[in-house]
Amino acid sequence: MQDITPSFEDADGFYEQLLDAHKGLDEGASALLNATLILVMANHIGDARALRDCIQAAKEARQL
Amino acid sequence: MTAYTDPVFTNGYEFTTGAGYALPTYPFVPPPELSGTAPESPYPVVIVGGGITGLTLACSLAQLGIAAVLLDEDNTVGVKGASSRGICYTQRSLEIFDKLGVFDRIQAKGVAWHMGRTFAGEHEVYHFNLRERDDFKLSKQPAFINIQQFYIEGYLVERIADLGHVDMRWQSRVTACTQSPEAVTLSVTTPAGDYTLSAQYVIDATGSNTPFHAWCQSTMTSIKRDDRWCIADVRFKTSPPAERHTWIEAPFNENRAVWQHLMADDVWRIDYQMAPDADPAYVSREDVLRERLARQFGPDTEYDIVWVGPYSYKSQLLDHLSAGRVYFVGDTAKVVSPFGARGGNTGISDADNLAWKLAAVIGQQAPEALLDSYHAERHEAASVNVAVTARTTRYLRPADGTERLFRDATIALAKRYSFARTLVNTGRMAEANPYTRSPVCSYAHPLVGRSVQNVAFQWANGDDAQLNDLLRWSATRVLLLWFGGFSRREADKLQALTNMASVSVVQVCATSAALQAREGIVDPTGQLAAACGQQRWALIRPDSYLAAVGAQADTALLNRLAVSLAIA
């Protein structure tokens, strides 16, 4: 698995927006927001190989 | 997570009710084996099972002049008391039926549709119009026609009777199958007694409950599904719009899926997704169905129930599509969920793929190795169809938890953003499956291994024609199209080819004045050349698949021709 190279323009800013988006949501609404966000981002990436690498990277991080 | 008992797999019809359809019946004629006048040598081909796949194969062989016997345990088309099965036929299937001479009847009876709408709750998620799709426009056949399966089967039976060569034996049930290296022997039970007959090749088209898998010790991969449906064929006094409607979540069906599509005779097929633990007898009861219909169409809608029955499905793929001299086609090769009309339509393509190969081998135009390519090509197609339908199944019957969460996300997004509509999977419609690794295709161009649409051209005298006319004329020979003029040296090479029994050579020019060869056609719009990849020559097989293309009349042409017929 190749390393996913850092490419954030503003990592802290994104992280803050992500947390703010979940503020006040219960567990179910939060899960739905995450799922919806993943699909929007996946469409933005588009490239099939990049998407496969992203899923693989997430699975491997979880196993550490 | 709710635990459910395993559903009983059924495409059987023990719970069916409704007025049903009136079906033709065919007479039992005592076969020559029972009067001692049977031929001593094996029949070239025996087809077991007169469903849409078996009949398509029988009709193809009849058209190619191959003597065959068709054995069917029933005396009618459809399944007794349950005649409503497949309803949606793709352009590729319609092209095959055109080649066999039954398309005009299908077109006259059936309903061509082009608008599809998908709903979730009260909202339309998206719609499509097939008339706006360019990829269906080259063919003379429309994108889809909906028609009850038994109509096509009935047309094929009558066409086979007209063509001759195939002996259709009704009420003839196969009870055993044994084989030697030279022939297959079948035991047959009939109302007039039992007999055995032998064949060089036996084609198992008996459907998903085939006894041949056990007889041939065939192995398979199988996935059980717990998705349950109730299927209703309904004739309305006032018809809904002539569009295909699908609900992922229908408010009038406890937020489960509903399919609504039209067929011949103003009959509508309405499929209701049921709870996985639903009782099949209960959901198919007439009063229960009427309640459901009232919720969908309003309490005052007048209609007749033509047919109703429960339905559940499994997914199954045979590891090898032949066993010795027995070949598996249609539902004996694979079973898929119904979404995308990938069951019947791929059975029709199985038959189209196998028929010309059998005819070429029996007519000694190709070695028996050509038949091995049936597995190579149609197993790839079956694998794809199993995988594609499995994805749809997972969308329509998501597991509780994350799978349902993501589906909810796609629906929410699709209402607002067009990109998300590509994720909404209510069935990916069947297509002519490409063969990407066939041993009888020479992959020098992206179109090789793909089906050439039934494009129009003109005969040398200016009369309109289509590729199917050329394929019918060429019969079991592969078709070599030579595009444009040729030199003296090229003429000599092509002349040598025209003397071969296994190939027909046809020159294709933009005008009739430019034709030099004895067999020539005119392609004024250039669309035949485009469909063949704009090459100098193209090899089109009798099933309209492109086997090879090339730039010169050289040894590569001869080699690729040999490869296409498994002459290695």
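Which residues in α8(B) meet which residues in α9(B)? I looked this up before anything else. T346(B), S349(B), D350(B), N353(B), L354(B) and K357(B) in α8(B) meet S373(B), Y374(B), E377(B), R378(B), A381(B), A382(B) and N385(B) in α9(B). I count two residues as in contact if their C-beta atoms, placed from the backbone, lie within 7 Å. Helices (H or I, at least four residues) and strands (E, at least two) are DSSP runs, numbered from the N terminus.

**Ground rules.** I am working on a predicted model, where local features need pLDDT of at least 70, side-chain atom pairs count only at pLDDT 80 or more, and totals for chains, interfaces and linings use all residues. Residues are numbered from 1 along each chain as its sequence is written, while chains are lettered from A and ligands numbered from 1 in the order in which they are written.

**The helix pair.** I checked the geometry next: α8(B) and α9(B), the latter residues 372–396, pack at an angle of about 170 degrees with their axes 10 Å apart. Axes here are lines fitted to C-alpha atoms, for helices over the stretch in contact, and angles run from 0 to 180 degrees between N-to-C directions. The angle makes α8(B) roughly antiparallel to α9(B) (the label for angles over 145 degrees). By class, their contact has four nonpolar, five polar and four charged residues. For classes, Ala, Val, Leu, Ile, Met, Phe, Trp, Tyr, Cys and Pro count as nonpolar, Asp, Glu, Lys and Arg as charged, and the others, Gly among them, as polar.

**Domains of chain B.** I have domain 1 as 42–111 + 139–218 + 315–396 and domain 2 as 456–564, with bounds from an automatic or database domain assignment. Their centres, taken over C-alpha atoms, are 30 Å apart. Domain 1 puts 13 residues into the contact and domain 2 puts in 12. On the domain 1 side, α2 (91–100) and α8 (344–362) each supply at least two residues, and α8(B) has the largest share, five. That side divides into five nonpolar, three polar and five charged residues.

**Core.** I find 162 residues in the largest nonpolar core, a set of buried Ala, Val, Leu, Ile, Met, Phe, Trp, Tyr and Cys residues joined through C-beta atoms within 7 Å. V45(B), V46(B), A58(B), L61(B), A68(B) and L481(B) touch the most other members. α8(B) turns up again, giving the most to this core with 10 residues. Both domains of chain B contribute at least three residues each. Leaving out residues up to four places away in sequence, L481(B) touches V506(B), V508(B), C532(B), W537(B), A538(B) and I540(B).

Is R477(B) buried or exposed? It is buried, with 21 other C-beta atoms within 10 Å; the cut-offs are 20 or more for buried, 12 or fewer for exposed, and partly exposed in between, with C-beta atoms placed from the backbone. R477(B) lies in the loop between α11 (467–474) and β22 (478–483). Beyond four places in sequence, R477(B) touches S502(B), V503(B) and S504(B).

A475(B) is found in the loop between α11 and β22 too. I noted its positive phi of about 55 degrees, although A475(B) is not a glycine. Most residues other than glycine have a negative phi. A475(B) is partly exposed, with 17 other C-beta atoms within 10 Å.

Q534(B), also not a glycine, has a positive phi of about 55 degrees. I place Q534(B) in the loop between α13 (527–531) and β25 (537–540). With 13 C-beta neighbours inside 10 Å, Q534(B) counts as partly exposed.

Conventions:
Parallel < 35°, antiparallel > 145°, perpendicular 65-115°, else oblique.
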